Amino acid sequence: MKLNTPRWWYTRDRNHAPVTRMALKPLSWIWSAVTARRIARTTGYAPGIPVISVGNVTVGGSGKTPVAREILRLLRERGGNPAALSRGYGGRLEGPVTVDPAVHSANDVGDEPLMLARDGMAIISRDRAAGARAAVEAGADAIVLDDGHQNPSLQKTVSLVIVDGETRNDEWPFGDGSVFPSGPMREPLAAGLARADGVIILLPTDMDSADAELVEVFGDLPVFTARLRPAAPPPPGPQVGFAGIAKPWKVERSLIAAGCDLKDFVPLADHAVLSDDQHEFLLERAKLFDAGLVTTEKDWVRLAPERRTNIQAWPVHARFDNEAVFTDWLISRT
């Protein structure tokens with residue numbers, strides 16, 4: 001779904017947008033019921049190799065894909081041949097298709113699979129079971145399922161829930177606990193955690209540790225912390241930034257924290273494909289400030305090739321605070 005994530009979703013104060021919250025409650029009840037029924041009634045396919053599900057309990061913006069990418073890297077470093085498996089949101093192909101960055105565009109397979117395929121095997125398939133069979137046939141010895149926590153079509157060996165760990169300024173990753181569309185939850189928190197084997201809290205680089213109150217929410221589940229770290233410094237000189245992700249304000253904040261001379265920032269809808277008018281607007285803003293244009297790697301792969309020469313990607317990678325402990329735990333479960 002393409003949307004600009006409402007910031008009031010992520011406050012526990014129900015006095016923010018109270019009329020809107022209440023008006024959307026009936027739709028939230030329907031969403032919850034449909035999700036629960038679908039999960040309860042589906043028997044997943046077992047592909048014969050480990051399936052590591054990387055998902056969340058909120059709508060977008062928790063860092064699932066960077067964490068999936070990092071888990072794939074860790075498995076490869078241990079000598080494995082894992083495959084990323086994604087629905088291919090935003091792409092026109094139904095799959096199963098093995099993503100080839102030299103052949104496919106984001107319009108074909110979606111932006112996130114295109115990023116994952118830059119490192120190794122990535123398969124998109126609307127039918128996750130068919131995608132898993134394709135991964136096995138291609139020689140994969142494990143599947144990392146990107147955004148699969150509410151998808152019951154595959155039997156999971158390990159289910160990981162990714163949580164945005166930023167809790168300052170009254171921000172709370174689950175808001176007041178309301179289910180979409182009156183809040184950010186895909187399902188009630190207790191239901192989502194009941195199917196989880198572990199939790200990964202993704203922290204901003206300037207937070208020393210996870211909020212103790214947040215960690216307590218997960219009870220006896222193993223909790224690991226990771227951070228999104230820039231792969232390189234931001235481009236030098238004045239910049240105009242833009243991002244089409246669920247929480248674009250986090251990109252703006254991260255660029256500034258990394259020392260970027262950010263003159264302006266333009267938020268776009270999640271997974272937005274840059275229109276001609278938007279592209280012209282960005283060029284005008286850059287000209288006004290005598291600045292370059294910078295965006296996320298995810299936004300950059302969605303750009304038409306002719307536009308990439310004037311826009312720089314600023315990639316970030318998820319890194320675990322204790323990589324060895326997490327990797328040993330994951331291997332022991334698979």
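Reply: What follows is a short tour of a predicted model, starting with its aromatic pairs.

Me: How many aromatic pairs does the structure hold?

Reply: Eight. One of them joins tryptophan 9 and phenylalanine 180. Their ring centres are 5.8 Å apart, with 75° between the planes, which makes the pair edge-to-face.

Me: Where in the chain do tryptophan 9 and phenylalanine 180 sit?

Reply: In distant parts, 171 residues apart. Tryptophan 9 is in the segment before helix H1 (18–41). Phenylalanine 180 is in the loop between strand E6 (158–164) and helix H6 (189–194).

Me: And are those two buried or exposed?

Reply: Both tryptophan 9 and phenylalanine 180 are buried. They also belong to an aromatic cluster with Tyr10 and Trp31.

Me: What sits over the ring of tyrosine 10?

Reply: The charged end of lysine 247, 4.0 Å from the ring centre. Tryptophan 300 has a charge over its face too: arginine 308, at 4.6 Å from the ring centre.

Me: Back to phenylalanine 180. Which peptide bond joins it to proline 181, cis or trans?

Reply: A cis one, with omega about 5°. Proline 181 lies in the loop between E6 and H6. Another cis bond joins glycine 95 and proline 96, again with omega about 5°. Proline 96 is in the loop between strand E2 (82–86) and strand E3 (97–98).

Me: What does serine 28 touch?

Reply: Val179, Phe180, Pro181 and Ser182, leaving out residues up to four places away in sequence. Serine 28 itself is in helix H1. Its relative accessibility is 2%, so it counts as buried.

Me: New topic. How do the axes of H2 and H12 cross?

Reply: At roughly 80°, and they come within 11 Å. So H2 is roughly perpendicular to H12. H2 spans residues 64–77.

Me: Which residues meet there?

Reply: From H2, Glu70, Ile71, Arg73, Leu74, Leu75 and Glu77. From H12, Glu323, Phe326, Thr327, Leu330 and Ile331. By class, that contact has six nonpolar, one polar and four charged residues.

Me: Where is histidine 279, and is it buried or exposed?

Reply: Histidine 279 is in helix H9 (residues 276–288). At 10% relative accessibility, it counts as buried.

Me: What is histidine 279 in contact with?

Reply: Leu274, Arg307 and Ile311, leaving aside neighbours within four places in sequence. Leucine 303 is 24 residues from histidine 279 in sequence, and their C-alpha atoms are 9.9 Å apart.

Me: Last one. What is phi for aspartate 147 and aspartate 290?

Reply: Positive in each case: about 65° for aspartate 147, and near 50° for aspartate 290. Most residues other than glycine have a negative phi.

Me: Where do those two aspartates lie?

Reply: Aspartate 147 is in the loop between strand E5 (142–146) and E6. Aspartate 290 is in the loop between H9 and strand E11 (292–296).

Me: And how exposed is each?

Reply: Aspartate 147 has a relative accessible area of 27%, so it is partly exposed. Aspartate 290 has 67%, so it is exposed.

Definitions and conventions
Residues are numbered from 1 along each chain as its sequence is written. This is a predicted model: local features need pLDDT of at least 70, side-chain atom pairs count only at pLDDT 80 or more; totals for chains, interfaces and linings use all residues. Side-chain values use heavy atoms; hydrogens and water are left out. Rings of Phe, Tyr and Trp (its six-membered ring) pair if their centres lie within 6.5 Å; planes under 30 degrees apart count as stacked, over 60 as edge-to-face and the rest as tilted. Helices (H or I, at least four residues) and strands (E, at least two) are DSSP runs, numbered from the N terminus. Buried means under 20% relative accessible area, exposed over 50%, partly exposed in between (1.4 Å probe, protein chains only). A charge sits over a ring if NZ of Lys or CZ of Arg is within 6 Å of the ring centre and within 35 degrees of the ring normal. Axes are lines fitted to C-alpha atoms, for helices over the stretch in contact, and angles run from 0 to 180 degrees between N-to-C directions. Angles under 35 degrees count as roughly parallel, over 145 as roughly antiparallel, 65 to 115 as roughly perpendicular and the rest as oblique. Contact means heavy atoms within 4.5 Å. Ala, Val, Leu, Ile, Met, Phe, Trp, Tyr, Cys and Pro count as nonpolar, Asp, Glu, Lys and Arg as charged, and the others, Gly among them, as polar.
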